[in-house]
Amino acid sequence: MWEAEVQLAYMYRDGRLPEDNVQAYMWFAIVGSSVVPPADDDVKRAARHMTKAQIARAQHLAEDWIKRHTAERVNVAQAK
């Protein structure tokens, strides 16, 4: 699941899906939150092309997604 999240982030960033920096930022933030220490290089890179309002929106979307899917992600990781 983690690798799919990474690929989705790159697809948004690179324009393989309709280019959407908010979605790219959101997915990079989600992926970065699942590693120790948290990774934010790709998040910072996406943010360079965004307004403050877009960044705030992406952060909100990522936080909401993480809250809703944390249990699922833990269960998948433990099953491996």
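The following passage describes the aromatic pairs of a predicted model and the helix α2 that contributes to them. Local features need pLDDT of at least 70 and side-chain atom pairs count only at pLDDT 80 or more, while totals for chains, interfaces and linings use all residues. Residues are numbered from 1 along each chain as its sequence is written, and side-chain values use heavy atoms, with hydrogens and water left out.

Two aromatic pairs are present in the structure. Rings of Phe, Tyr and Trp (its six-membered ring) pair if their centres lie within 6.5 Å; planes under 30 degrees apart count as stacked, over 60 as edge-to-face and the rest as tilted. The ring centres of Tyr-10 and Phe-28 are 5.1 Å apart and the planes stand at 75°, so this pair is edge-to-face. Tyr-10 belongs to helix α1 (residues 2-14) and Phe-28 to helix α2 (residues 21-33), 18 residues apart; helices are DSSP runs (H or I, at least four residues), numbered from the N terminus. Tyr-10 is partly exposed at 23% relative accessible area, whereas Phe-28 is buried at 5% (buried means under 20%, exposed over 50%, partly exposed in between, with a 1.4 Å probe and protein chains only).

Trp-27 and Trp-65 are also edge-to-face, because their ring centres lie 5.3 Å apart with planes at 65°. Trp-27 lies in α2 and Trp-65 in helix α4 (residues 52-79), so the pair ties together parts 38 residues apart in sequence. Trp-27 is buried, with a relative accessible area of 11%, and Trp-65 is buried, with a value of 11%.

In α2, 12 of the 13 residues are buried, so the helix is largely enclosed by the rest of the structure.

How values were computed
Helices (H or I, at least four residues) and strands (E, at least two) are DSSP runs, numbered from the N terminus.
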